[in-house]
Amino acid sequence: MVTAPTLSIDETLAELVEEFDLLGDWEGRIEYVIDLGKGLAPLPEAARTEANKVPGCAAQVWLDGRAADGRLWFDADSDSALSKGNIALLLKLYSGRTPAEILAFDARAALDRLGLPGALTRQRANGLNSMVGRIRETALATG
């Protein structure tokens with residue numbers, strides 16, 4: 001049984017900002033993001049469908065969402081280490097939240113606080129926005 005996050009989404013973001021600040025340079029931050037991706041649970045083959053593919057990403061990214069007990073849970077994977085890390089970072093923020101929490105959270109401001117879009121190529125930054133968009137679409141559809 002997966003339990004809901006103990007920290008609010010804003011508290012989780014604050015922890016991530018602190019971790020990013022401690023890492024200093026972008027090389028360390030990108031390495032940290034890639035390490036987050038290594039911690040993702042394997043995505044079942046059955047979830048690697050066209051319907052779960054996130055369009056607009058430089059790499060293949062699959063995002064599977066499900067609702068349980070008024071919360072949304074997400075599983076994801078990618079064939080790129082950096083994209084996998086980016087989606088893992090987003091799941092750290094979003095998975096286990098209510099649709100209302102997800103929709104009230106300003107992802108663009110959060111990612112800007114982390115400085116992530118500026119460290120990515122334009123195509124990868126667009127992919128990150130597509131991932132957030134898919135999470136928000138899931139929240140809208142279930143909320």
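Q: Is Tyr94 buried or exposed?
A: Tyr94 is buried, with a relative accessible area of 0%. Buried stands for under 20% relative accessible area, exposed for over 50%, and partly exposed for what falls in between (1.4 Å probe, protein chains only).

Q: And what about Phe105, buried or exposed?
A: Phe105 is buried, at a relative accessible area of 7%.

Q: What kind of model is this?
A: It is a predicted model, in which local features need pLDDT of at least 70 and side-chain atom pairs count only at pLDDT 80 or more, while totals for chains, interfaces and linings use all residues. Residues are numbered from 1 along each chain as its sequence is written, and side-chain values use heavy atoms, with hydrogens and water left out.

Q: How many aromatic pairs are there?
A: The count comes to three aromatic pairs. Rings of Phe, Tyr and Trp (its six-membered ring) pair if their centres lie within 6.5 Å, and planes under 30 degrees apart are stacked, over 60 edge-to-face, the rest tilted.

Q: Why is the pair of Phe20 and Trp26 edge-to-face?
A: Because their planes stand at 75°, with the ring centres 6.3 Å apart. Phe20 is buried at 1% relative accessible area, whereas Trp26 is partly exposed at 29%.

Q: What is the geometry between Tyr94 and Phe105?
A: Tyr94 and Phe105 also make an edge-to-face aromatic pair, 5.8 Å from centre to centre and with 85° between the planes.

Q: Which parts of the chain does that pair link?
A: The pair links distant parts: Tyr94 belongs to helix H3, and Phe105 to the loop between helix H4 (99-104) and helix H5 (107-114), 11 residues apart. Helices (H or I, at least four residues) and strands (E, at least two) are DSSP runs numbered from the N terminus.

Q: Which residues form the aromatic cluster?
A: Phe20, Trp26 and Tyr32 form one aromatic cluster.

Q: Which residue lies over the face of Trp26?
A: Arg29 does, at 4.8 Å from the ring centre. The criterion is NZ of Lys or CZ of Arg within 6 Å of the ring centre and within 35 degrees of the ring normal.

Q: Changing topic, how much space lies in the largest pocket?
A: The largest pocket holds about 380 Å³. On a 1 Å grid over the protein atoms alone, a pocket is an open set of points with protein on both sides within 12 Å along at least five of seven lines, a cavity is a set where a 1.4 Å probe fits but cannot get out, and lining residues have an atom within 4 Å of a point.

Q: Which residues lie nearest its centre?
A: Of the 18 lining residues, Leu40, Ala88, Leu91, Lys92 and Ser95 lie nearest the centre of the largest pocket. Strand E2 gives the largest share of this lining, four residues.

Q: What lines the largest cavity?
A: Its lining consists of Cys57, Ala58, Ala59, Ser83, Asn86, Arg124, Gly127, Leu128 and Met131. About 40 Å³ of space lies in this largest cavity, and helix H7 (122-142) is one of the elements supplying at least two residues of its lining. H7 gives the most, with four residues.

Q: Which residues does Asn86 touch?
A: Not counting residues up to four places away in sequence, Asn86 touches Val33, Leu116, Leu120, Leu128 and Met131, where contact means heavy atoms within 4.5 Å. Asn86 is located in helix H3 and counts as buried at 1% relative accessibility.

Technical notes. Grid points are joined across faces, edges and corners, and a volume is the space filled by probe spheres set on the points.
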